[in-house]
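Got a new structure on the screen and wondering how anyone decides what to call its parts? Let's take the labels one at a time and check each against its rule.

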Amino acid sequence: MGFKFAQRLVLLLTTAASLVEVSLANMTPGNTHSGAPQKFIVGDSQNWKFGVNYTDWSLKNAPFYLNDTLVFKYDPPSNTTYPHSVSLLPNLRSFLNCDLRKAKMIANQTQGAGNGFNFVLKKKKKPYYFVCAERDGFHCKVGLMKFTVSPLRRQQRHY
């Protein structure tokens, strides 16, 4: 019980820190990110796979802005690879516990092949909770295949 509580507390603190970091980054003078929306390959060269810490990845790539695109690339299931998919969870509690009861699949096991599955960040003021829901949440719970993103509104430059 103690270890599980500590694990959840660390994840909660990491998530809170990412939100603070994003807010501070948005307020930093000269950090306006007023250019065109960007594309991010989730996991960079490692793509979307078991064992990569996507919370760290999202912190390193933050802040994210409305209309930025997240690209989820993963191999389709085969004799040598486990299947992956992408789902959204409705709230922080579901995210922290990898509770998949209300998960909404947004990309199935084959949509990450080739150029990957593109997801455009359109929601204002609410975080997205991304997870891999395969193997009854094992990839989310043990494989670290989850992260949260709270897109910000792009600042307009005034000349």
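What follows is a run of questions and answers about this predicted model.

Q: What makes up the protein chain, in terms of helices and strands?
A: There are four helices and seven strands in the protein chain. Reading from the N terminus, the elements go α-β-α-β-β-α-β-β-β-α-β.

Q: How do you know that Cys98 and Cys140 are joined by a disulfide?
A: Look at the sulfur atoms. A pair of cysteine sulfurs within 2.5 Å counts as a disulfide, and here the S to S distance is 2.1 Å, so Cys98 and Cys140 pass the test. By that rule the count is one disulfide.

Q: What makes the link of Cys98 and Cys140 left-handed or right-handed?
A: The angle about the S-S bond is what to look at: with -75° there, the link is left-handed.

Q: Which parts of the chain does the pair Cys98 and Cys140 tie together?
A: Cys98 sits in the loop between helix H3 (92–97) and S4, while Cys140 belongs to helix H4 (residues 138–141), so the pair ties together parts that are 42 residues apart in sequence.

Q: Are Cys98, Cys140 and Cys132 called buried or exposed, and why?
A: Buried means under 20% relative accessible area. Cys98 has 5%, so Cys98 is buried. Cys140 has 1%, so Cys140 is buried. Cys132 has 0%, so Cys132 is buried too.

Q: What about Lys124: buried or exposed?
A: The relative accessible area of Lys124 is 59%, and the mark for exposed is over 50%, so Lys124 is exposed. You'll find Lys124 in the loop between S5 and strand S6 (128–131). Lys124 and Pro151 are 27 residues apart in sequence, yet 6.8 Å apart in space, C-alpha to C-alpha.

Q: How much of the protein chain is buried?
A: Buried residues make up 41% of the 159 residues. As for the accessible surface, the protein chain has about 9500 Å², and 55% of that belongs to carbon and sulfur atoms.

Q: What makes S4 and S7 edge strands?
A: Start with the open sheet of four strands, ordered S4-S3-S6-S7 with antiparallel pairing. Strand S4 (104–107) and strand S7 (146–149) each have a single partner strand, so one side of each has no neighbour in the sheet. From one strand to the next, the twist averages 30°.

Q: How do you know that S3 and S4 count as paired?
A: Two strands pair when there are at least two bridges between them. Strand S3 (residues 86–89) and S4 have three bridges, in the antiparallel sense, so they count as paired. One of the contacts to look for is Val86, whose bridge partner in S4 is Ala107.

Q: Why is the pairing in the sheet S1-S2-S5 called mixed?
A: This open sheet has three strands. Strand S1 (residues 39–41) pairs with S2 in the parallel sense over three bridges, whereas S2 and strand S5 (residues 117–120) run antiparallel, joined by four bridges. S1 and S5 are the edge strands, each pairing on one side only. Neighbouring strands here are turned by 25° against each other on average, direction ignored.

Q: Which way do the side chains of strand S2 point?
A: Thr69 and Val71 of strand S2 (residues 69–72) point one way, and Leu70 and Phe72 the other way. In a regular strand the side chains alternate between the two faces of the sheet. The four named side chains of S2 are all buried.

Q: Which elements make a right-handed β-α-β unit?
A: S1, helix H2 (residues 54–61) and S2 do.

Conventions:
Residues numbered from 1 in each chain as written. Predicted model: local features only at pLDDT ≥ 70, side-chain atom pairs only at ≥ 80, totals over all residues. Heavy atoms only, no water. Helix = DSSP H or I, 4+ residues; strand = E, 2+ residues; numbered from the N terminus. Axes fitted to C-alpha atoms, helices over the stretch in contact; angles between N-to-C directions. Buried < 20%, exposed > 50% of the residue type's maximum accessible area, 1.4 Å probe, protein only. Right-handed = clockwise from strand over helix to strand, strands pointing away. Areas by Shrake-Rupley, 256 points an atom, 1.4 Å probe, with all protein chains shown as cover.
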